[in-house]
Structure formats: C-alpha cells, structure tokens
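I opened the model today and kept notes as I went. Here is what I looked up, entry by entry.

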Amino acid sequence: MKTYDIVIIGGGPAGLSAAVSAKKSGTDSILILERDKELGGILNQCIHNGFGLHTFKEELTGPEYAGRFIEQVQELQIEYKLHTMVMDISSDKVVTAMNSTDGLFEIRAGAVILAMGCRERSRGALNIPGYRPAGIFSAGTAQRLVNMEGYLPGRKVVILGSGDIGLIMARRMTLEGAQVQVVAELMPYSGGLKRNIVQCLDDYGIPLKLSHTVVEIRGKERVEGITLAQVDEKGRPVAGTEEEYECDTLLLSVGLIPENELSGGMGVELSRVTSGPVVNESLETNIEGVFACGNVLHVHDLVDFVSEEAAAAGRNAARYVQEAGSRKAQGTDKEAAGRTVEICAVDGVRYTVPSRINTERMEDIQTVRFRVGGVYKNCFVSVYLDEERILHRKRPVMAPGEMEEVKLKREELLRHPDLKAITVKVEEV
C-alpha cells in the first residue's frame with residue numbers, strides 16, 4: 001500500500017488550491033485524486049468572466065482561473081491521478097479508489113483533505129406533478145451541454161430557481177438564440193448574487209417572478225408547457241394565480257448539495273444546515289487529520305473564497321502531518337493545546353464556518369463565514385464574546401444569496417480566559 005502525507009479528494013478549485021498551499025507549506029508527498037478526465041472541476045464549463053477579482057486582481061473566465069492553479073500544480077510537481085473514483089475512506093485514513101490503469105487500489109494518508117464539491121438538486125426532490133418528458137435539465141447540465149458539448153438544449157425556455165447557475169444560464173441561452181420567457185423563484189428573494197440578477201436578467205429584459213413555482217409540467221415525449229403559480233408564505237400554491245407558458249425546455253436551478261457521501265461513510269459529523277462537515281478553526285473535522293474545504297464544506301458564491309478557504313485547509317493539513325511526524329520522532333502523543341469555544345449562530349444567522357475555535361491554535365486573524373436566513377436592510381452584524389459585544393458593523397443589505405464574513409482577532413479572544421461562547425447574530429435598528 002502506497003503512503004502519502006496528504007491525499008486530496010477532488011481536483012477542482014478547492015483541491016488545486018489546497019494542494020498548492022500544502023506544497024508551499026513544506027509538505028512534498030501530496031496526491032490529488034480526480035474522477036474527471038481533467039483537473040479544474042466545474043470551472044471548465046464556466047466560460048463566463050467574473051472569476052479571480054479577489055485572488056488575481058483581474059477578471060478571468062472559469063477555465064482561465066482553473067488554468068492558473070493547474071499550472072502551479074504542474075510547476076510544483078504535485079502528483080495527481082485522473083479518471084479515478086474514490087470508493088471509500090476509512091476512519092484511519094485509508095483511501096480506496098479505482099481507475100482503468102491501476103484497478104482497485106488503496107492508499108494510506110497522513111491527512112485527508114475533502115474537496116469533492118457539490119451537486120445540483122434534481123427534479124425528484126421537488127415533487128412537481130406531471131409526466132417525465134425530455135427537455136428537463138438541471139442548469140449545470142445545460143451549461144455543460146452548451147459550453148462544452150456544443151448542444152443547445154431547447155428554444156423556448158423556462159427556468160425554475162434563481163441560483164447563480166440559473167441566472168447565468170438565462171443569459172447564456174439568450175445569447176445562443178433561445179427565448180428565455182421567465183425565471184421563477186419559490187422564495188420571496190433571489191438565491192443568486194445581485195450582480196447576476198442585473199447582468200443576466202435585467203440587461204436582457206428577462207422577468208424574475210419571486211414567490212412563484214412550477215405546479216405542473218405538460219407533455220409526454222417532450223416538454224410542451226408548464227403552469228406557474230404564486231405561492232403563499234408557507235410555499236403553498238395560491239389558487240387562481242396560475243399562468244400557462246409554452247416551452248420545450250425547463251431548467252432547474254433549485255439549490256446545491258455538498259457531495260458528502262464519502263464524508264458520512266467515514267464518520268465525519270455533518271451539519272444539518274449546510275449538509276457539509278462540522279469543522280474547527282483549522283477546517284479539521286471531528287476525525288483527526290481529516291480536513292474539508294470548498295463547496296463540499298458549504299456552498300460558496302465566489303470561487304475566490306473557495307480558493308482562500310482551501311489554501312487555509314492545505315496549510316493546516318501540512319502543519320498537522322509535520323507536527324505528527326515530529327511527535328512520532330519524539331515518541332509523544334498528540335499535544336492538547338488550548339480550549340475549544342463554540343460559535344453560536346442565532347437571530348438571522350443560519351450557520352458559521354468554522355463552528356468552533358481553539359483559541360491557542362487559531363491564526364492571528366480568523367475568518368468566520370456565514371449566511372443569513374432572510375433579506376435584512378439597514379441592520380448590523382454583531383459578534384459577542386459571552387455578553388461583551390466586540391463587533392457591531394452596519395450592513396445596508398444582507399441576503400441569503402450573498403456570503404458574509406467577520407474576522408476574529410486571536411489576541412482579543414485570549415483576553416477572555418473564561419470564554420464560554422462566541423455569538424454571531426443580526427441586530428436590526
């Protein structure tokens with residue numbers, strides 16, 4: 001059985017950034033396992049621009065952004081295997097994988113970084129009445145068909161869900177000559193970035209109908225039309241509000257789910273809110289030496305934040321294997337350093353990443369990312385150390401589609417030796 005210091009599951013933006021960061025942090029024995037035929041992950045089909053403004057200070061397309069990291073991986077001579085499906089990861093970090101060259105094989109890892117990304121929620125999760133005709137696609141599948149395979153899925157399109165992929169595909173299908181009739185959203189607010197609503201819908205005159213959903217799909221062989229209806233505050237269709245649309249294509253952009261079958265199988269604790277792992281300040285899960293980053297941890301809105309988070313996971317995984325090697329050489333057990341403090345997400349904050357912090361092992365400035373559960377205007381993001389408020393930042397608008405963050409200073413936390421909880425909340429004026 002081959003042994004590597006760090007094995008990274010996934011060769012998308014998170015896996016690539018984690019690998020580069022780990023290598024630059026002094027760990028040489030690194031292996032990336034990727035199931036696709038090439039590195040880069042979902043970015044390979046995201047040919048629109050808008051990537052890299054934070055990371056590279058310039059606007060890039062998805063393939064260009066991925067290419068920057070692929071070049072670094074190759075320059076640093078980081079090993080990777082393509083066409084490789086990971087079947088299982090044991091709790092003691094033995095990775096079982098298979099490909100056509102090596103067959104079924106096992107690898108022992110000093111540390112594992114989970115970077116499998118996320119998948120789209122399918123029609124089966126929505127319970128929409130009607131037949132199962134051709135012409136129903138997830139927005140990401142349609143994106144791949146148009147941008148990579150050269151196929152146009154349809155001519156008259158309705159999009160259900162206003163996530164970023166759905167908004168981007170409304171523009172893409174329009175540019176390819178299709179007629180996008182409407183984008184419908186179940187919630188009273190959009191799930192995508194404000195800039196995508198402006199650039200992809202408003203600029204092309206495509207209507208966005210909030211608090212609406214598809215209640216019927218017509219057509220046997222191919223989609224012939226759909227029925228749209230308004231919903232009440234509980235998401236139930238309101239009788240008498242039905243609208244008929246003729247279409248040959250229905251695109252679904254109804255949410256992303258972190259790919260955590262492997263994580264759950266190895267015993268990683270998963271959050272009921274994000275469906276991703278629960279992690280500490282090092283992005284380490286409840287299993288020692290197993291780290292998570294990117295969309296497998298929680299769904300991000302910008303790939304720049306994925307890269308930043310994954311770089312931290314790579315640094316921390318490298319530090320973990322280096323400290324483990326040092327302790328092994330000295331014949332000592334794992335050191336118990338510092339206290340762990342829980343981060344409580346309340347009053348409009350749905351979750352935080354990380355969800356707990358070791359005050360001794362955290363970096364000098366710790367980034368805590370979160371999403372809110374509704375649209376808030378002229379409000380404040382507040383952070384409390386027990387009863388003491390240490391941050392009270394005004395925000396003109398906060399929405400679930402935009403990720404928020406606060407930064408915690410290590411020196412400030414260390415001034416509270418008896419700290420029991422850190423609370424992040426939304427406070428309205």
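Across which strands does helix α3 lie? I found that α3 (residues 139-149) lies across β8 and β15 (249-252). Helix α3 runs at about 90 degrees to β8. Helices here are DSSP runs of H or I with at least four residues, and strands are runs of E with at least two, numbered from the N terminus. Angles run from 0 to 180 degrees between N-to-C directions, with axes fitted to C-alpha atoms, for helices over the stretch in contact.

Ground rules before going on. This is a predicted model, in which local features need pLDDT of at least 70 and side-chain atom pairs count only at pLDDT 80 or more, while totals for chains, interfaces and linings use all residues. Residues are numbered from 1 along each chain as its sequence is written, and side-chain values use heavy atoms, with hydrogens and water left out.

**Entry: the parallel sheet**

I traced an open sheet of 5 strands in the order β8-β15-β9-β10-β11, with parallel pairing. Two strands pair if DSSP finds at least two bridges between them. β8 (136-138) and β11 (208-210) stand at the edges with a single partner strand each, so one side of each has no neighbour in the sheet. The twist averages 20 degrees from one strand to the next. I then checked β9 (residues 156-160) against β10 (residues 179-185): they pair in the parallel sense over 5 bridges. K156 has Q179 of β10 as its bridge partner.

**Entry: helix packing**

I looked at α3 against α4 next. Their axes are 9 Å apart, at an angle of about 35 degrees. The crossing is left-handed, meaning that the near helix is turned anticlockwise from the far one by less than a right angle. On the α3 side the contact (heavy atoms within 4.5 Å) includes A139, G140 and V146. On the α4 side, I165, G166 and M173 are among the residues involved.

Then I took α4 (residues 164-175) with α5 (residues 194-201). They pack at about 20 degrees, axes 8 Å apart. The two helices are therefore roughly parallel to each other, a label for angles under 35 degrees. This crossing is left-handed. D164, L167, I168, A170 and R171 of α4 meet N196, I197, Q199, C200 and L201 of α5.

**Entry: the cores**

Which residues touch the most other members of the largest nonpolar core? I6, I8, I9, L33, I89 and L114 do, out of 62 residues. A nonpolar core is a set of buried Ala, Val, Leu, Ile, Met, Phe, Trp, Tyr and Cys residues joined through side-chain atoms within 4.5 Å. Buried means under 20% relative accessible area (1.4 Å probe, protein chains only). Helix α7 (residues 303-330) gives the largest share of this core, 9 residues. I listed the contacts of I9, leaving out residues up to four places away in sequence; among them are L33, V86, I89, L114 and L262. Another core lies apart, with 22 residues that include V349, V372, Y376 and C379.

**Entry: the antiparallel sheet**

I found an open sheet of 3 strands, order β19-β21-β24, with antiparallel pairing. β19 (349-353) and β24 (404-409) are its edge strands, each pairing on one side only. I followed β21 (residues 365-372) along β24 and found antiparallel pairing over 6 bridges. R369 has E405 of β24 as its bridge partner.

**Entry: T227**

Is T227 buried or exposed? T227 is buried, at 4% relative accessible area. T227 lies in strand β13 (residues 225-230).

Note on methods. Buried means under 20% relative accessible area, exposed over 50%, partly exposed in between (1.4 Å probe, protein chains only). Angles under 35 degrees count as roughly parallel, over 145 as roughly antiparallel, 65 to 115 as roughly perpendicular and the rest as oblique.
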